[in-house]
Amino acid sequence: MNKQFFLYFLIFIVRGTLLAQDTFERDYTNGKDLFNLGKYELSMEAFRSLTRKQEGNKYAEHASFYYAMAAYKANLPSLAKSMFLQIQDRFPHWPKIDEVNFWLGKLSFEEGESINGMEYLSMINLTSIKKDAKLLKKIILDSLQDLGTLSQLYMKYPQDDLIAATYAMEVRNAPVTPENRALLRELIQKHNLDKSSLDIVDAETSLKKESYNVAILFPFKLDDISIRRLARSNFVTDLYQGILLAQEQLKNLEISLKIYAYDTKRDSAATAEILQMEELKTMDLIVGPLYPMSSKLVSEWSEENKINMINPISDNAQVIGNNPYSFLYKSSNITKALAAANLARHAFANKNVVIIYSSSPKDSVTAYTYKRAIEKDSFKVVWMHRSLPKESKVIPKVLAETIEDSDTLIIKCDSIGHIFVASERELIAANTITAVESRGDKIPIIGHSSWIDFRFIEYEQLDRLDVLMVAPNYINRSRDEFIEFKQTYINQYHRVPTKYLYWGYDMLMFAGRMMNQYGIYFQHAFPDMEVHQGELSLGFQYNYSNDNQHLEIIRFEGSDLTYVDPTLIIESFPCPEEIEEEETELLDGKK
């Protein structure tokens with residue numbers, strides 16, 4: 001009886017198992033049929049019960065995969081990703097796990113999670129799927145333009161050539177900075193990337209010539225630009241005359257430059273017409289334009305045609321933009337801000353700082369560049385003031401205000417370590433100096449060498465307050481070379497040369513010497529070049545930058561201008577109260 005019962009029970013179990021297997025197979029086949037017919041939501045319902053591990057269910061892995069694929073096709077990406085993650089967790093050794101990782105990578109990319117997506121693709125081992133993964137990665141990377149994300153990806157996968165190539169292209173398209181140019185060269189060298197596609201020039205591509213063509217794109221607004229007309233006192237013609245004098249001097253040094261002048265008329269339409277001229281493509285260097293709209297047009301043309309351009313008067317980093325062929329003769333506003341911050345870092349023990357700037361976008365960039373730089377060294381900005389033209393009295397009112405019916409300053413002496421003035425506007429500079437003078441405590445000021453030429457600021461004031469001035473492209477007027485050049489010019493033209501004439505001369509002398517020595521793409525030599533002595537200015541050094549990185553810090557000592565070593569600590573000035581206390585102690589015999 002027991003044997004008979006056991007036999008019936010065994011038959012029942014086997015029959016039930018066979019029926020269950022038939023059900024699993026039927027549901028699986030039904031789900032696949034629905035999937036192939038494009039009925040994805042019905043397919044998901046058919047697969048749902050099969051995704052669970054059950055005795056006799058040999059379809060759990062495949063059904064889960066089809067369920068996830070059906071969810072993706074039904075535009076339910078979150079549900080699809082959830083199921084793929086379950087497969088990864090429950091069936092880590094499934095032979096098709098690489099396909100799961102591929103789809104997890106794809107879904108992560110589509111959600112904007114590039115780093116996670118790359119992580120999933122890196123788990124793939126099968127060669128056939130690796131090929132698909134590489135193609136997917138290329139499509140995603142080509143559409144990825146976020147430099148921060150690419151930087152993170154490269155840091156995580158520094159050996160991945162595809163990531164490196166995409167990262168390099170985005171660095172190339174980013175604003176031209178020393179850091180970006182150095183990084184670009186590092187990526188090219190490490191991953192053997194194509195230099196030409198990234199606009200990195202070298203000695204091989206820098207053609208040397210017997211004579212170099214230089215286009216001058218200035219707003220002359222003159223029909224005749226002969227030397228006779230250049231006697232007029234005009235900054236544009238002074239710049240141009242300086243360039244012509246440099247051409248003549250270079251000829252004496254057996255360096256041949258052919259000068260071609262084009263009148264932009266300070267008009268973008270006129271500039272656009274010039275850019276249509278085929279002859280412009282034969283130029284080796286463009287000097288100018290001087291105004292923003294024309295400069296932007298020429299910069300785009302310069303980048304497209306791979307012809308260097310240099311601006312002789314601007315210090316605005318935006319003029320360079322993303323164009324690796326665009327250069328500034330001067331140091332940019334960003335370079336000056338960083339140099340001033342480096343000075344403050346070494347010079348001032350008191351970490352409290354006031355920053356004053358104008359309403360111009362360039363001054364705002366300068367001020368905030370300085371702020372970010374010094375805050376990294378634990379400085380604290382206690383007052384950051386944007387000075388508007390109609391609010392010029394705010395500076396002396398805030399800095400020099402006293403308690404009512406008292407000479408006691410509201411802002412105490414030791415509460416400000418120094419003041420950085422991120423502006424070359426005379427009114428702002430004069431108001432700051434007046435405010436500090438009226439305080440009587442000689443708070444250190446960092447300003448700009450252009451203040452020396454301001455009518456309402458006296459040398460004695462700059463000396464009395466020991467104002468420190470950032471001096472890019474500074475022309476030392478006591479140099480023998482300068483004195484000789486100035487006197488020769490006066491003897492010949494019977495007038496005193498202007499700063500614009502000096503700049504035009506100094507700039508083209510530098511550019512001419514560079515082309516003669518290194519070819520049309522002379523910038524390839526910049527990273528290894530020491531400071532190049534200027535004809536009139538102190539020197540040039542570009543390194544990986546497109547603006548002059550060589551500048552000085554100057555201040556008056558009596559009637560003489562002297563250079564300040566930015567690494568030396570400058571003694572802080574004692575507050576008036578401290579002086580009075582010390583004098584009292586001396587009189588009382590306490591010292």
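Me: Why is β1 called mostly covered?
Reply: Buried means under 20% relative accessible area, exposed over 50%, partly exposed in between (1.4 Å probe, protein chains only). In β1 (residues 211-218), 8 of 8 residues are buried. Both faces are covered, with Ala215 among the buried residues on one side and Ile216 among those on the other.

Me: What makes β1 and β2 a pair?
Reply: Strands are DSSP runs of E, at least two residues, numbered from the N terminus. Two strands pair if DSSP finds at least two bridges between them. β1 and β2 (residues 256-263) have 8 bridges, so they pair, in the parallel sense. Phe218 has Asp263 as its bridge partner in β2.

Me: How do you know that β1 pairs with β3?
Reply: β1 and β3 (residues 285-287) share 3 bridges and run parallel. Ile216 is bridged to Val287 in β3.

Me: What makes β2 and β5 edge strands?
Reply: The open sheet has the order β2-β1-β3-β4-β5. β2 and β5 (326-328) each pair on one side only.

Me: Which stretch has pLDDT under 50 and 0 contacts beyond four places in sequence?
Reply: Residues 5-20. pLDDT is the predictor's confidence in each residue, from 0 to 100, and contact means heavy atoms within 4.5 Å. Where pLDDT is low, the predicted coordinates should not be read in detail.

Notes:
Residues numbered from 1 in each chain as written. Predicted model: local features only at pLDDT ≥ 70, side-chain atom pairs only at ≥ 80, totals over all residues. Heavy atoms only, no water. Helix = DSSP H or I, 4+ residues; strand = E, 2+ residues; numbered from the N terminus.
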